[in-house]
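Visitor: I would like to learn how to read the overall features of a model before turning to a single residue. Could you take me through them in that order?

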Amino acid sequence: MRISFLLGGFTGIGGIARVTNILLNEFSSNSDYKLFTISFVKDGNNQHYEIPSNIETFHLFDKRISMSKAMLLKGAVKKLKNIIKKNNLDVIVAAGVLYYPLARLAVKGTNCRFIAWEHTNPHTVYDYNFQAWGRKNARKASHSIVISKVAYDYYRDTLKIDKSKLSLIYNPIDPKIDMNKMYNAESKKIISVGRLSYPKNYQSAIRVAAQVFAKRPDWAWHIYGEGEEREQIIQLINDLNLQDKVILKGSVKNLYELYGNYSFLVMTSRYEGFPMSLLEAGASGLPLVSFDIQTGPNEIIEDGKNGYLIEEKNEELMADRIITLIDSENLRKFMSANVKKSLSKFSIKTIRQLWFEVLKWLCFLH
């Protein structure tokens, strides 16, 4: 079976690229599948993830371009259709709503089947123009894969996609993470991970940090990621005089190795598809603290057992819970011991089997 993943590319530490790379590495050793990747924009020397050598890679455009211009003026559909035909692709997985319309149109007149793979909260419609319309293209997919219970309900009830063509498959924990590492109970550092962008809501994190460090000044908070809100975030850090406490660490390639340097992870996102940082930090033994937003955290965090779920936007309560963790090494150890036990449903073995079942079903339909 010849399968390709269509996505923006493999630059940066974004969740879509990361989880796609995990699946590519896992599937590439299976002789039943020949794998391809199609990046919307050429990755070049900025590629963040290493693609297995037996996977063929393609790209549609050399430079960044809007999807509307690409489809209306630059022949994106024809480019993709040519790759599909030339390589006799059986399945193309559109990794993210932005690529649903492109994949749907490109498979027309071919034997290739289209999988719609949702990566965010399906109630989100403002990430880019025509997002809500793009999501409706899943109705024309051979199968849809979603990564949260909220997304499953939306696709079933709002998009009216039949359950026989819909699967809930969580993002997996990367098997490269060493889950046997000892928890560092002596660390006095907090970590957050994710793009410096509106959905991640780092302004809230910094306001929480101001409350925490006013009472516990011997701790620090490191944020990993890059993005368009970097200057705004730096300005707020300066305004609250947190320059020595909240440190922007940028994008790194050895993040898995770094989790062990931290005491716990905090996430203040406005919305998520399914937060990989929670899985990764949890697999590394870190207690987890997050706002209880609509999708993601409440399927990973068991409040009071492996971390804390905080009422959305309640910065005072989040600061209070963080201080509780800071003040109790025993509590941190208790949550660290529990967090790894709670993540078995996100193991690569479990996720791989669910994907293979979908692919085998599509193969049967051929």
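**Reading the fold**

Guide: The chain has 13 helices and 13 strands, where helices (H or I, at least four residues) and strands (E, at least two) are DSSP runs numbered from the N terminus. The radius of gyration, taken over C-alpha atoms, is 21 Å, close to the 21 Å that the globule rule gives for 366 residues, so the chain is as compact as a globular protein of that length; the rule is 2.2 Å times the number of residues to the power 0.38. This is a predicted model, in which local features need pLDDT of at least 70 and side-chain atom pairs count only at pLDDT 80 or more, while totals for chains, interfaces and linings use all residues. Residues are numbered from 1 along each chain as its sequence is written, and side-chain values use heavy atoms, with hydrogens and water left out.

Visitor: What percentage of the residues of the chain count as buried?

Guide: Buried means under 20% relative accessible area, exposed over 50%, and partly exposed in between, with a 1.4 Å probe and protein chains only. Of the 366 residues here, 57% count as buried.

Visitor: Where is the place of Ser-328, and is Ser-328 buried or partly exposed?

Guide: Ser-328 is placed in the loop between helix 11 (315–327) and helix 12 (329–341), and with a relative accessible area of 23% Ser-328 is partly exposed.

Visitor: How far apart are the C-alpha atoms of Ser-328 and Ile-351?

Guide: Although 23 residues apart along the chain, Ser-328 and Ile-351 have C-alpha atoms separated by 35 Å.
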